[in-house]
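Here is a short report for a reader new to this structure. It moves from the overall layout to single residues.

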Amino acid sequence: MARVRVLITSTPAGALVRLGDRRLGTTPLDLELSGDEARRGTELTFTVSAASHQTATLRRTIEGAELSIDTRLTRRSAGGMGGGEQPHVQGYRDDPYAEP
């Protein structure tokens, strides 16, 4: 039976790691996969996610007995809207002294 050791680290640490729909744990992660998903030539798709950071999708091909992945997650912009845009808040005015 094929086996592969998988080591996944991230910045920030504590990110959630998934393989397909399966939750593997949080970084730093050290685990062993076996069977079909551990066969040489198999492509695996991991997702790594953390609060306030963009999710990373990582595709790796099994080439030996060990697979090591290190990823740096990018912090989302304020408000999570991208481009520096700020969400509109009802009743908020940029200039409270301006005439309505």
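Glu66 is partly exposed, with a relative accessibility of 47%; partly exposed means between the limits for buried (under 20% relative accessible area) and exposed (over 50%), with a 1.4 Å probe and protein chains only. This is a predicted model, in which local features need pLDDT of at least 70, side-chain atom pairs count only at pLDDT 80 or more, and totals for chains, interfaces and linings use all residues. Residues are numbered from 1 along each chain as its sequence is written, and side-chain values use heavy atoms, with hydrogens and water left out.

The side chain of Glu66 meets that of Arg5 in a salt bridge, at 3.8 Å from N to O. A salt bridge here is a side-chain nitrogen of Lys or Arg within 4 Å of a carboxyl oxygen of Asp or Glu. Glu66 lies in strand β7 and Arg5 in strand β1, so the pair ties together parts that are 61 residues apart in sequence. Arg5 is partly exposed as well, at 36% relative accessibility. Asp30 joins Arg5 and Glu66 in a network of salt bridges.

By this rule there are five salt bridges. Side chains of opposite charge can pair when their charged atoms come close. The table lists some of the pairs.

| Salt bridge | N to O distance |
|---|---|
| Glu66 and Arg5 | 3.8 Å |
| Arg3 and Glu32 | 3.0 Å |
| Arg39 and Asp36 | 2.7 Å |

The bridge between Arg3 and Glu32 links distant parts of the chain: Arg3 is in strand β1, Glu32 is in strand β4, and 29 residues separate them. Arg3 is partly exposed, at 48% relative accessibility. Asp36, the partner of Arg39, counts as exposed at 53%.

## Strands and sheet

The protein has zero helices and seven strands. Helices (H or I, at least four residues) and strands (E, at least two) are DSSP runs, numbered from the N terminus. Of the 100 residues, 30% count as buried.

Three strands form an open sheet in the order β4-β1-β7, with mixed pairing. Two strands pair if DSSP finds at least two bridges between them. β4 (29–34) and β7 (66–72) stand at the edges with a single partner strand each, so one side of each has no neighbour in the sheet. From one strand to the next, the twist averages 20°. Axes for such angles are lines fitted to C-alpha atoms, for helices over the stretch in contact, and angles run from 0 to 180 degrees between N-to-C directions.

Strand β1 (residues 3–11) and β7 run parallel and are joined by seven bridges. Val6 has Leu67 as its bridge partner in β7. Strands of a sheet pair through backbone hydrogen bonds, either parallel or antiparallel.

## The core

Which residues have the most contacts inside the largest nonpolar core? They are Val6, Leu33 and Phe46, in a core of 21 residues. A nonpolar core is a set of buried Ala, Val, Leu, Ile, Met, Phe, Trp, Tyr and Cys residues joined through side-chain atoms within 4.5 Å. β1, β2 (16–19), β4, β5 (43–49), β6 (56–61) and β7 each give two or more residues to this core.

Leaving aside neighbours within four places in sequence, Val6 is in contact with Leu29, Asp30, Leu31, Leu33, Phe46 and Leu67. Contact means heavy atoms within 4.5 Å. Among contacts between residues at least 6 apart in sequence, 45% join residues at least 24 apart.

Thr27 lies in the loop between β3 (22–26) and β4. Thr27 is buried, with a relative accessible area of 4%. Beyond neighbours within four places in sequence, its contacts include Ile8, Pro12 and Val17.

His53 sits in the loop between β5 and β6. Is His53 buried or exposed? His53 counts as buried, at 9% relative accessibility. A polar atom of the His53 side chain lies 2.8 Å from the backbone oxygen of Ala51. Not counting residues up to four places away in sequence, His53 touches Pro12, Leu73, Thr74, Arg75 and Arg76.

Leu73 belongs to the segment after β7. Leu73 is buried too, at 7% relative accessibility. From C-alpha to C-alpha, Leu73 and Gln54 are 6.2 Å apart in space and 19 residues apart in sequence. With neighbours within four places set aside, Leu73 is in contact with residues including Val48, His53 and Gln54.

Notes. Polar contact = N/O pair within 3.5 Å; in protein donor to acceptor, adjacent residues only side chain to side chain.
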